[in-house]
Amino acid sequence: MKPKILAILQARLSSKRLPKKVLLNILGIPMILHQIFRIKRSNYINELILSTSDDKSDDDLLKFCLKNNIKVFRGSLNNVLSRFKKTYDKFGPYDHIVRLTGDCPLIDPEVIDLVIENHLRLDADYTTNVLPRTWPDGLDVEIMKPFTLEMVHENANHNYDLEHVTSYIYKNKDIFKIKNVKNKCNLSSYRWTVDTEKDLVLIKEIYSNLYSKNSCFITKDILKFLKSKPNLI
């Protein structure tokens, strides 16, 4: 039987470097919506939930989700681990949980599926593609078993671990069966996430040149485009 997989997309509007970035438009479409369309192209993910905070600063994100029929859960602003766990508790049970963050509008469904396939094949407790990073920053994928999340939630107590959700797993490699998915060539020098205005300029350039030709463009298409426009790097 094919395993049931829940994806939880973390997002908030209170970013200090680029406020409300996930709702900023790329070709007239909010950045977070581009990312959701891409995630939903995964062949394995059964359900996607946007997990945001119950802070007043995220009220507009809630309105956006309701308007666009996006399932949403609200929890603690600062204790992201608690919010993540409560999101799963509300919508679970599932066999596996994918964790994604809302500042990655170039997320690649093929990379998501590659990480999921390795996770399932190797029967890992936790699988990612950033230990070490060989993919561009912005293609980050994490997947874990529910009991892994349960253990992290029960045992993590440092503020850093509560904010970053899975850092407790990295620190306790003797407890968990951890696997990493490496790319064939090291692309870790590329930055495709959005934290600043400069990041957004690059993403807009990529979308402006690729989206109209193929709205489902993937990593190889981006690399080909950037090779032809080295000044953007």
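**View 1. Helix H3 (residues 80–91) in the predicted model.** The twelve residues of H3 reach 17 Å from the first C-alpha to the last, close to the 16 Å expected at 1.5 Å a residue, where the expected span is 1.5 Å times one less than the number of residues and helices are DSSP runs (H or I, at least four residues) numbered from the N terminus. H3 is mostly covered, with nine of its twelve residues buried, that is, under 20% relative accessible area with a 1.4 Å probe, protein chains only; among them are Val80, Phe84, Tyr88 and Phe91. This is a predicted model in which local features need pLDDT of at least 70 and side-chain atom pairs count only at pLDDT 80 or more, while totals for chains, interfaces and linings use all residues. Residues are numbered from 1 along each chain as its sequence is written, and side-chain values use heavy atoms, with hydrogens and water left out.

View 2. Thr148 is buried, with a relative accessible area of 0%, and a polar atom of its side chain lies 3.0 Å from the backbone oxygen of Asp125. Leaving aside neighbours within four places in sequence, Thr148 is in contact (heavy atoms within 4.5 Å) with Asp125, Tyr126, Ile169 and Phe176.

**View 3. The largest nonpolar core, with 46 residues.** Such a core is a set of buried Ala, Val, Leu, Ile, Met, Phe, Trp, Tyr and Cys residues joined through side-chain atoms within 4.5 Å, and those with the most contacts inside this one are Leu50 and Ile206. The largest share of this core, six residues, comes from H8.

Note on methods. Helices (H or I, at least four residues) and strands (E, at least two) are DSSP runs, numbered from the N terminus. Buried means under 20% relative accessible area, exposed over 50%, partly exposed in between (1.4 Å probe, protein chains only). A polar contact is a pair of N or O atoms within 3.5 Å; within protein, one must be able to donate a hydrogen and the other to accept it, and residues adjacent in sequence count only if both atoms are side-chain atoms.
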